[in-house]
Amino acid sequence: MHPDPLTKLFARFQATEDPDAFGEIYARVLPILTARAQRAFADTNTVHDVVQSTLLTAIEARNRFRTDQPLMPWLHGILANHMRHVARIPRHRELKPDVLL
């Protein structure tokens, strides 16, 4: 299986820490991750926080990503973990629980 373009970009970022590669990834995945977080949280700041935490985690964990797997499911998994974490904080009870299932 040939990697998709996002996975290729992330592999390049993983190997070289090329900021342009991550910038391209950021531009492509930001709307997708934001849309998913918006389905879970009513608060815009919370949405931005979980998306940014997701991208930061991806940067920090870049060497654990397997480039023979697609990037988006990995990012969605990180996002889901951050959303579950934030949902446990009492001030974020506006979470729509069915989104996390």
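Buried means under 20% relative accessible area, exposed means over 50%, and partly exposed lies in between (1.4 Å probe, protein chains only). With that in hand, welcome to this structure. It is a predicted model, in which local features need pLDDT of at least 70, side-chain atom pairs count only at pLDDT 80 or more, and totals for chains, interfaces and linings use all residues. Residues are numbered from 1 along each chain as its sequence is written, and side-chain values use heavy atoms, with hydrogens and water left out.

Let us start at a loop. Glu17 sits between helix H1 (5-16) and helix H2 (19-40); helices are DSSP runs of H or I with at least four residues, numbered from the N terminus. Most residues other than glycine have a negative phi. Glu17 is not a glycine, yet its phi is positive, at about 55°. With 48% relative accessibility, Glu17 is partly exposed.

Now for the charged pairs. The structure holds four salt bridges, each a side-chain nitrogen of Lys or Arg within 4 Å of a carboxyl oxygen of Asp or Glu. Among them are these:

| Salt bridge | N to O distance |
|---|---|
| Asp18 and Arg12 | 2.8 Å |
| Arg28 and Glu24 | 2.7 Å |
| Asp68 and Arg66 | 2.7 Å |

Arg28 and Glu24 both belong to helix H2, and because they are four residues apart, about one helical turn separates them. Arg28 is partly exposed at 37%, and Glu24 is partly exposed at 33%. Asp68 is partly exposed too, with a relative accessible area of 47%.

Definitions and conventions: Helices (H or I, at least four residues) and strands (E, at least two) are DSSP runs, numbered from the N terminus.
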